[in-house]
Each structure stands twice: as C-alpha cells, then as structure tokens.
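This report describes a two-part arrangement of chains in plain terms, starting with how they meet and ending with single residues. Please keep the sequence and the structure in view while reading.

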Amino acid sequence: MVETIILIPLVAGILAFFLPRTSGRLLLVLTGAVHLVSSVLLWIYRPEALLNDYFAVTPEGLLSLIVISLLFFLIAIYTRSYLEAAEIHAEHVFAGSMLLFLGSMTLVTLSDHIMVMWIAIEATTLASAPLIYTHRSGASIEATWKYVLICSVGIALALLGSVLIALSMDIGNVDAPMSFSSLTQVAGRLDPLWLKTGFIFILVGYGTKMGLAPMHTWLPDAHSEAPSPASALLSGVLLNCAYLGIFKTNKIMHAAGLGDFSGTILMVFGLASIVAAATFILKQTEYKRLLAYSSIENMGIIAFGTGIGGLGAYGAMLCLIHHSLIKSSLFLCSGNILIGYASRAIEGTGQLAKRMPKTFVALFGGFAGISGFPPFGIFFGELFIIIAAFRAGHYGAVSIFILSICVIFAGFIKHIIRISFGPSPSTIRMEEQPTMIWPQYVLLVTSVVLCFWMPDTLYETIRLAVATIGGGI
Amino acid sequence: MMDPVDTLLAMVLLSVLISFGSSRLPALIKVIAFQGVAVSIVPLFMGHEMTWGGIVFTLATLMIRGIGIPVYLSRAIKKVAIHREVEPVVGYHASLLAGLVLIVAAIYVSPKFNLPVGKGYILLLPSAITLIVAGMFLLMARRNAIAMVLGYIMMENGIYLVGTTFSMRAQHIVEFGILLDVLAGVMIMAIILQNIKKTFNDVNTTLLRTLKE
C-alpha cells in the first residue's frame with residue numbers, strides 16, 4: 001500500500017515517454033486523481049510500510065504528501081489546457097518528467113531511511129531538470145545547468161552529512177537501523193560532535209535545494225525559465241521536500257539535546273534568506289523571478305520558525321502548507337499572464353484587471369495571501385513565529401524579520417499594481433478558459449477555509465509532527 | 001612493505017596533483033577513472049568480512065565509477081569539445097601549489113579528528129578530505145563545463161571513500177541506489193553539456209551569463 005503510491009506515478013511517467021505525444025495530457029490528470037485518492041486513503045488508514053526499514057508513514061511526511069497530491073491534481077488539470085495554449089516541444093518528455101517528478105517527491109515524503117531520503121531528493125533534481133529545459137532556449141539551458149550542478153553539489157554535501165551521522169553512530173557504539181525514527185529514539189547516545197557536523201552538512205546540502213541564502217542562486221533562474229505549471233510544482237512542493245530532510249534531522253538534534261545549536265543555525269540561515277529576498281525583490285523586472293524571490297523569503301520564514309521551536313515551529317508548519325497552496329496558484333496565474341501578454345517582463349504587462357479579470361482576482365488574492373494578510377493562513381503562521389520569537393527573547397532577530405517582511409511587501413505591491421493597473425502595451429492573445437482559472441481559485445479557497453476551519457485530524461497531525469521540537473499551541 | 005591500501009591511496013593523492021596540473025580534458029578523465037577504480041577496491045583490502053553481496057556490489061561500483069562514467073564522459077567530450085582545454089580561472093602552477101598545500105593540510109589535520117574507525121591506514125582520511133576539497137576546487141577554478149562535471153565526480157568519489165571505509169552499516173541496496181543516482185546525474189549533466197554546445201557552440205561557462213542579478 002505505502003509502496004504502491006510511490007510506484008503509480010513512476011510507472012505512469014515511464015509510460016508517458018512511449019505513448020503518443022498528446023496523450024500525456026490525460027495521463028497527468030488521471031495519475032493525479034489516482035494519487036490524490038491513494039494519499040487520502042493513506043491519511044485515513046496510516047498503514048505500516050512493507051519495507052519498514054526504508055519507508056514509514058510519519059506525520060510530517062503525510063502533511064507533505066497530501067499537499068503534493070492536491071497540488072499535483074489541480075496543476076495537472078491546469079496543465080491540460082496550458083499545453084493546448086502554449087507551444088511546447090517534446091510534450092511527452094514534459095509529461096513524463098512531471099510524473100517521474102511526482103514519483104520522486106512521493107518517495108521523499110515516505111522515506112524514513114536517512115540514505116533513501118538522500119536518494120529520493122537527488123532523484124527529484126534529476127526528474128525536474130528536463131522540465132526547466134522545456135523551452136530549449138539559451139537562457140533555459142543556462143538555468144538547467146546551474147540547477148543541476150549547484151543542487152547536485154549541494155546534495156552531495158548532504159550525503160557527506162548523512163555519512164557523518166552514521167559515523168556518530170559508530171563512535172557512540174549504537175546499533176540501530178539508520179532510519180530517522182530509530183535515530184530519534186537513540187539520539188542521546190550518538191556522538192554529539194559528529195552529529196553536529198553532520199547536521200551542518202545536511203543543512204547546507206538540503207538548504208541549497210530548499211533555496212536558503214546564500215545557496216539560493218539557482219532558484220530564481222530555474223523558476224523563471226520553467227513552464228508555469230512546472231514552476232508551480234517546483235516552488236509549491238519541491239522546496240517542501242528539501243525542507244523535510246532538514247526537519248527530520250532537526251528532530252534528531254532536538255532528541256539528542258542539541259536543539260539550541262541546530263535552532264540557532266536554522267535561524268541564521270532563515271534570516272539571511274529573508275534579507276536576501278528583501279534586497280533583490282525591489283529591483284526585479286520579471287514577474288516570475290519576483291515570485292521566485294518570494295519563495296526564498298517564505299523558505300527563510302519557515303527555517304526561522306523551525307529554528308525558534310515551540311509555537312514558532314507550529315507557525316512554520318502552517319506557513320509551509322499555505323505557502324504551497326498560495327504560491328502554486330500565483331505561478332499558475334503567471335502562466336496565464338505569460339500566454340496572454342507573451343512577455344516575461346513586468347513592463348510588458350499592464351491593465352490586467354481589465355484584460356483578464358478572473359486571473360487578476362486570483363493574482364491579487366494570492367498576493368494578499370503571500371504577503372501575510374488575513375484571512376489567509378500565512379498571516380497566522382507569521383504571527384505565531386513572531387510571538388514565539390518575542391517570547392524566546394530574540395528581539396534583534398525578530399526586528400530584522402519584521403522589517404524585511406515590510407520591505408518585501410512594499411516591493412511586491414509596487415510590481416503587482418504595475419501589472420494590474422499600469423499602461424498596457426498591446427491587446428492580449430488569450431481567452432480565459434475555466435480550467436485555467438478555477439485551479440487557482442480552489443487553491444486559494446482551500447487556504448482560506450483551512451484558516452477558519454481546520455479538521456481535527458489535520459491539527460492533530462501537525463501537532464504530532466512538531467511535538468519533538470516543542471511545538472503546539 | 002607498505003600496506004596495499006596506503007599504496008593505492010598514495011597514488012590517489014598523486015593523481016589529484018596530476019589533475020590540478022593538467023590542461024587537457026582527456027588526461028583529467030583518465031585521472032577520474034583511476035580514482036574511481038581505486039576508491040571502489042579499497043574496501044576489499046581493508047579486511048572487512050566479504051559477503052557475496054559485498055563482492056557483487058564492489059564489482060558494480062567498479063564498473064560504474066571506474067569504467068562506465070569515464071567512458072560515457074569521454075564519448076561526450078568527442079561530441080562537444082572543440083577546445084580540449086580546461087580553461088582555468090586559477091593557473092596551473094597556482095593550482096599545483098594549492099593542491100600540495102591541501103594534501104599537507106589534510107594529512108596534518110586528520111589525526112586530530114581522532115577517529116576510532118579505519119585506524120592503521122594513515123592515508124585514508126587525508127585522501128578522502130583531499131578528494132572532496134579538490135573536487136570543489138575544480139568546480140570553482142575551471143571554466144570548462146566538462147571539467148566542472150569532473151570536479152563533481154571527484155568530490156563524489158571522496159564522499160564514497162568516507163562512506164565505505166568508515167562506516168559499513170549502510171545496506172548494499174541503499175548504496176546501489178546512491179550509485180544509480182550519481183550515474184543518472186552524470187548522464188543528465190552530459191546531455192545538458194551537449195545542448196550547451198549546440199546553443200552556444202562552446203562549453204565555456206563564461207558564456208552562461210545572461211541570467212545574472
């Protein structure tokens with residue numbers, strides 16, 4: 001059962017390479033639907049994995065999995081129409097890579113073995129590389145090259161970190177499986193020096209993939225060059241997968257009594273990312289890069305919140321879920337804008353409110369959500385993180401945090417107003433089809449609904465996920 | 001007489017120096033192939049108990065790291081490289097000096113880690129550190145995209161050396177997964193290389209400067 005949900009997209013992905021070119025459109029939606037149903041079943045029944053040395057159904061894994069499933073299904077529906085409207089070479093490669101990408105991300109969420117986690121995260125890089133190269137331009141090959149090389153080298157450091165954690169087991173004379181769950185249980189007996197060193201390497205390694213500054217340089221390029229549905233997946237869920245690797249290692253650190261050490265480092269990287277995003281967001285000239293920098297900001301917020309622990313960790317989990325929902329909807333809107341105006345530059349757009357009113361509503365709603373306005377969940381997430389930071393007495397850090405968020409908001413709204421109401425250069429090429437609008441609405445509405453009515457099972461799962469690092473309200 | 005492990009590793013250290021001083025890509029690939037073979041067979045000489053699974057895995061590693069990846073890359077080079085130079089950012093003499101300093105530093109710091117595992121093999125930890133840092137050095141100090149891929153493989157070889165010699169606990173199936181990932185990664189990098197060549201008519205990474213902040 002647990003393993004089948006990994007296999008379904010992988011098999012479908014391989015199949016897509018051999019089927020006729022356009023059949024991938026339907027296959028994406030079908031696989032997305034089956035995957036979503038299986039994830040919901042997995043959430044309800046929470047079965048034991050067959051290969052329980054390698055795989056396990058953990059609360060944090062389930063949270064990520066359900067988000068991935070929901071997003072992929074909605075993005076697949078959007079992609080069907082997007083592929084009809086946009087011209088894409090080698091469509092079967094695109095569809096196949098999307099499915100393999102889904103399979104590798106599912107593998108990340110369900111893997112419990114520290115090395116299997118590494119294999120899965122590296123596999124996500126490899127499966128998503130062809131997606132970024134879809135447009136076959138000079139800029140896209142450059143983005144792909146940067147993405148594959150920087151992420152592979154970064155993730156290689158995470159492998160070194162995982163090996164060092166194995167070493168800390170040898171030195172501490174611990175004989176246990178190398179799974180996150182068993183390591184968390186025996187954490188107290190691991191050699192602290194090597195565990196710390198391993199954590200740093202893992203944080204730098206997976207942090208590269210997550211987009212933490214200063215290792216974020218690949219992210220704006222990759223997200224802006226990929227076709228919008230792929231950008232939505234990259235930003236919405238791939239970053240979460242890398243975060244999962246850091247989160248699970250952080251749990252081991254907390255269980256070993258080294259939570260302060262790992263927390264401080266997470267906070268430093270988190271703040272650095274928020275500040276970097278604030279610096280670069282002001283002078284952006286392309287709207288997809290703008291969204292990419294906003295992802296770096298949000299990953300920074302999540303790392304910062306996790307570092308604080310307690311209520312902050314709970315807030316980070318909320319931000320993680322809502323960022324996925326809102327950011328993927330924003331990237332899908334950017335796809336509509338790109339098809340409509342045939343320009344990536346903010347200067348090339350304008351009058352969106354008049355020309356594409358439905359896309360405008362989704363874009364503006366998404367913007368309000370991502371900037372931390374109620375009634376969207378990021379508001380509560382950030383609020384919890386700020387309260388937790390004040391309680392823990394990190395006054396300096398939290399002032400930088402709030403200031404940077406204000407700067408980012410100012411930069412963001414300037415660009416959004418330019419896109420929505422600024423002078424428009426030409427007529428647009430696109431009719432707003434319903435299937436390219438309502439996935440965005442569903443994502444935003446989900447975010448709003450989850451704010452006011454969170455099912456008990458969801459609350460309980462988040463609470464369980466952050467229990468080890470002192471989370472919960 | 002020296003232990004076979006240390007003899008092999010001494011040659012690995014020398015090969016790092018060769019790679020720093022050489023301007024030609026084919027020579028660099030030969031170095032990578034040698035290092036791939038060396039790191040795959042070192043565990044055989046370390047007196048760990050050898051199971052059938054272990055031997056099969058060692059052979060598979062040897063095939064992929066020592067033969068598969070280098071052959072694949074040298075084919076890719078024939079397709080893409082007009083200039084078979086590595087186009088250094090840091091000159092060869094400076095690189096050689098840096099390499100020497102690196103090896104001396106690695107040998108100097110290694111005993112301070114005081115690791116209980118792998119004792120008796122004085123060059124084990126220094127070689128691993130040297131390979132990892134040298135790989136990063138090639139990534140930063142060469143402009144040629146193929147040389148950067150080779151740097152990545154050198155770094156991977158170093159990490160593999162740490163993984164197999166200091167800790168024998170990972171199961172072979174998992175190790176094999178890692179190996180497949182590395183292989184697939186190198187293949188994808190080679191495909192990207194061919195496309196870079198097609199688009200820019202060169203594999204010099206200074207041409208990749210359009211996406212800059």
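## How the chains meet

Two residues are in contact if their C-beta atoms, placed from the backbone, lie within 7 Å. The model is predicted, and on this criterion the contact takes 31 residues from chain A and 31 residues from chain B. On the side of chain A that touches chain B, α5 (114-132) and α6 each supply at least two residues. The largest share of that side, 19 residues, comes from α6(A). Sorted by class, the side of chain A that touches chain B has 23 nonpolar, four polar and four charged residues.

The model scores ipTM 0.93 and pTM 0.95. For chain B the mean pLDDT is 86, with 91% of its residues at 70 or more. Where pLDDT is low, the predicted coordinates should not be read in detail.

## Chain A overall

Chain A has 19 helices and zero strands. Its C-alpha atoms fill a box of roughly 70 × 55 × 45 Å along the principal axes. A compact globule of 473 residues would have a radius of gyration near 23 Å, and the 21 Å of chain A agrees with that.

Of the 473 residues of chain A, 63% count as buried. Among contacts in chain A between residues at least 6 apart in sequence, 82% join residues at least 24 apart.

## Chain B overall

Chain B has seven helices and zero strands, and reads α-α-α-α-α-α-α along the sequence. The C-alpha atoms of chain B occupy a box of roughly 50 × 35 × 35 Å, taken along the principal axes.

Buried residues make up 41% of the 213 residues in chain B. Of the contacts in chain B with a separation of 6 or more, 76% are between residues 24 or more positions apart.

## The nonpolar core

The largest nonpolar core has 239 residues, and those with the most contacts inside it are A:M317, B:V149 and B:L150. Helix α6 (residues 138-171) of chain A gives the most to this core, with 21 residues.

Which residues does B:V149 touch, not counting residues up to four places away in sequence? They are B:L73, B:V186 and B:M189.

α5(A) has 19 residues and reaches 28 Å from its first C-alpha to its last, close to the 27 Å expected at 1.5 Å a residue. Because 19 of the 19 residues of α5(A) are buried, this helix is largely enclosed by the rest of the structure.

Helix α17 of chain A runs over residues 395-421. Its 27 residues reach 39 Å from first C-alpha to last, close to the 39 Å expected at 1.5 Å a residue. The buried residues of α17(A) are A:V398, A:F401, A:S404, A:I405, A:I408, A:G411, A:F412, A:H415, A:I416, A:I419 and A:S420. An α-helix has 3.6 residues a turn, so residues three or four places apart point the same way. What covers the buried residues of α17(A) includes α11 (259-281), α12 (287-308), α14 (352-355), α15 (357-370) and α16 (377-391) of chain A.

A:L159 is found in helix α6 of chain A. Is A:L159 buried or exposed? A:L159 counts as buried because it has 27 C-beta neighbours inside 10 Å, where the cut-off is 20 or more. Leaving aside neighbours within four places in sequence, A:L159 is in contact with A:W118 and B:I159. A:L159 and A:G340 are 181 residues apart in sequence and 43 Å apart in space, C-alpha to C-alpha.

A:L325 lies in helix α13 (residues 311-341) of chain A. With 26 other C-beta atoms within 10 Å, A:L325 is buried. Its contacts, leaving aside neighbours within four places in sequence, are with A:L443, A:T446 and A:S447. The C-alpha atoms of A:L325 and A:Y147 are separated by 24 Å, and these residues are 178 residues apart along the chain.

Technical notes
Residues numbered from 1 in each chain as written. Chains lettered and ligands numbered in written order. Predicted model: local features only at pLDDT ≥ 70, side-chain atom pairs only at ≥ 80, totals over all residues. Helix = DSSP H or I, 4+ residues; strand = E, 2+ residues; numbered from the N terminus. Expected span 1.5 Å × (residues − 1). Buried ≥ 20, exposed ≤ 12 C-beta atoms within 10 Å, placed from the backbone. Core = buried A, V, L, I, M, F, W, Y, C linked by C-beta atoms within 7 Å. Nonpolar A, V, L, I, M, F, W, Y, C, P; charged D, E, K, R; others polar. pLDDT = per-residue confidence, 0-100. Rg over C-alpha atoms; globule rule 2.2 N^0.38 Å.
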